[in-house]
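Here's a quick briefing to read alongside the structure. Have the model open and follow along.

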Amino acid sequence: MTTQNLLVELFVEELPPKALQKLGDAFASVLADQLKAQGLATAASAVTPFASPRRLAAHVTAVADKAADKAVQQKLMPVTVGLQADGNATPALLKKLQALGADVSDPAAAVAALKRAQDGKAEALFYDSVVPGATLTAGLQKAIDEAIAKLPIPKVMSYQLETDCELPGWSSVNFVRPAHGLVALHGSAVVPVKALGLTAGNSTQGHRFEAAVSPVVLADADSYAATLKKDGAVIASFAERKAEIARQLAAAAAKVGNGARPIEDEALLDEVTALVERPNVVICQFEEQFLGVPQECLILTMKANQKYFPLLDAAGKLTNKFLVVSNISPEDTSFVTGGNERVVRPRLADAKFFFDQDRKKTLASRVDGLGKVVYHNKLGTQGERVERVRAISKELAKAIASQLGDAQLVQDADLAAQLAKTDLVTDMVGEFPELQGIMGGYYALNDGLGETVAHAIEDHYKPRFAGDALPRNTAGVVVALADKLETLVGMFGIGNLPTGDRDPFALRRHALGVIRMLVEKDLPLDLSALLAGAVPAFGDKITDASAQLADFIYDRLAGSLREQGYRAQEVDAVMALRPQRLALVEKQLAAVRAFAALPEAPALAAANKRVGNILKKAEVEGPVDAHVNPALLQEQAEKDLFAALQRFVPEANAQFDAGDYTASLQTLAVLRAPVDAFFDDVMVNAEQLDLRLNRQGLLKSLHEAMNRVADLSRLAA
């Protein structure tokens, strides 16, 4: 058995750029996993993926030409079925052995070679054999077939493949793109495998225009990347090509000077990396007159339509220069530069035209147009939606304004809510939907509405994604909160809920946005009241699903907290109380964590769980009143517990009301000793009704005192 490094390449027509990196990684990982599963590669074998616009490849180290033989023990059948009373083989056993390839010419010898072992309650016969290890040709064939079958192909295409038969015919092949070449090298030897109608060889194709030779012949598996770069003018590694593009972008920006830097966009960098085989960055420019258009418009059109990298100055403002990643490297790049400058000019001119045309009408004049835009067949038009957002934002603004003393807030939030969606009927947003909100802010400034309203309009979609900034001003927070609540309450109200893999209205993202604004802006709003208060804006269009929506939001909050590093027990303890002020949850969690570190915590958590179970059973007969009659206290332990509650609970409650949850729980930790003594010495369910109710009332008082910050029973092991 010899071990060599392996190289497999599938040469195809241009692959979908947005999926290229995922395709390359999947091809390499599945291929390697299959080789390891068959014993042809080991856990120590290193896997290197390659992916360029026209190839998927994988290099795997330490691959054997044949896997080691494997000893296998196979259960045949129960002894009572396989052997007759005299110990001879039954026909069923002989038939089974023959099917496994065993020599049954001497039945007695065949039986003697079997092993007998207990299998559950019965004794069974077992057959030991040696399975020959897979050859590289057979194993690699299986690995390639599996790697191709498991590719995460976004869309399969069918193409015709000419067959090698006496009467030429055509067979259909399904793959992401037509395949034209297959390489399989074990060291320097070709492995004779096939895929997609192709037979493996040792040659591939390089760059369409700049390859030094055609075809590119590969001497061995290890020279793949170097040979492709030298003879084929192709950087085969996606990661290496991406790093080279980033290096050239930075160098070109430095050449422009004045602190210029290319816009940071990882998705754009990945896509451009998937479009070129030999990157060459060139500097281009456009007329400065276009800089009068909002830079978001220009940046978007250059990125989305042309895959260019706009250049920003040191202050983050767009310059009239941009970078192009070309797939060719001519000595004279003037025709590349000129061609790209000619291409981008009409795009920028369109953006300027849309901007100029849109500014001829005010946002207020566009409000009626929203009545012609359908939002949802059960929830009406965008015009109706705007009125719901206005109604919700008005109530929110009143509640917040009363706390902040901001008399202008209600008016600003109402105007922003009325105009927030009007840019949906502008030419610019019609062409570039990604600019909704952003263009509304620009047009609001153009209408003289002031920065407060303009920023609120621009920011009302925020946060758009994880880590996105929140609205800049309070009016923006109000409208953003109202907009997300309208979506959540409306969709839950018509039963349009997200499923495991589908969330077309981004309800999870909206819920997290609501949570972030309530928490990070420390808004004085109770969640249940917030959700219930949004329902009347819909009239009879929905049913009230605010309780179900609250569960959904608490689930999102719990998941977010666990991702931040809080233990599941801590989160469950706080969430069990359904906290209304979400801004206080992290303080509650900090208090629970500090309490859990106390030596008294385990005993109190266990006692709290016991108290909860006692009260749950007692409340089957009716609610338990947290009232204690001192005259009915008989045992010293219950008197001591009552005295401790009288002494320490007022102090703990005062600390709780002051927002010092940690101190509140630590104050109550002293109850451990009297609680332990109570359960040791007192029979709660006494036969006398008045004693039983009094002791239940004592436990109810304890339970209410202990669980104001969190349900401490959730901390019990």
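How are α11 and α16 oriented to each other? Keep in mind that this is a predicted model. In it, the two helices pack at an angle of about 135 degrees. Angles over 145 would count as roughly antiparallel and 65 to 115 as roughly perpendicular, so α11 and α16 come out as oblique to each other.

**The α11/α16 pair**
- Look for α11 at residues 382–404 and α16 at residues 474–493; their axes lie 8 Å apart.
- The crossing of α11 past α16 is right-handed.
- On the α11 side, the contact is made by Arg 385, Arg 388, Val 389, Ile 392, Ser 393, Leu 396, Ala 397, Ile 400 and Leu 404.
- Facing them from α16 are Thr 474, Val 478, Val 479, Leu 481, Ala 482, Asp 483, Leu 485, Glu 486 and Thr 487.
- Sorted by type, the residues of this contact are 11 nonpolar, three polar and four charged.

**The five-stranded sheet**
- Elsewhere in the model there's an open sheet with antiparallel pairing, and its strand order is β2-β3-β1-β9-β10.
- Its edges are β2 (47–52) and β10 (189–190), each of which pairs on one side only.
- β2 runs antiparallel to β3 (residues 55–64), and six bridges join the two.
- Phe 50 has Ala 57 of β3 as its bridge partner.

**A helix on the sheet**
- Helix α5 (residues 136–149) packs on this sheet, where it touches β1 (3–12), β3 and β9 (179–186).
- The direction of α5 makes about 40 degrees with that of β1.

Notes: Residues are numbered from 1 along each chain as its sequence is written. This is a predicted model: local features need pLDDT of at least 70, side-chain atom pairs count only at pLDDT 80 or more; totals for chains, interfaces and linings use all residues. Side-chain values use heavy atoms; hydrogens and water are left out. Two strands pair if DSSP finds at least two bridges between them. Helices (H or I, at least four residues) and strands (E, at least two) are DSSP runs, numbered from the N terminus. Contact means heavy atoms within 4.5 Å. Axes are lines fitted to C-alpha atoms, for helices over the stretch in contact, and angles run from 0 to 180 degrees between N-to-C directions. Angles under 35 degrees count as roughly parallel, over 145 as roughly antiparallel, 65 to 115 as roughly perpendicular and the rest as oblique. A crossing is left-handed if the near helix is turned anticlockwise from the far one by less than a right angle, and right-handed if clockwise. Ala, Val, Leu, Ile, Met, Phe, Trp, Tyr, Cys and Pro count as nonpolar, Asp, Glu, Lys and Arg as charged, and the others, Gly among them, as polar.
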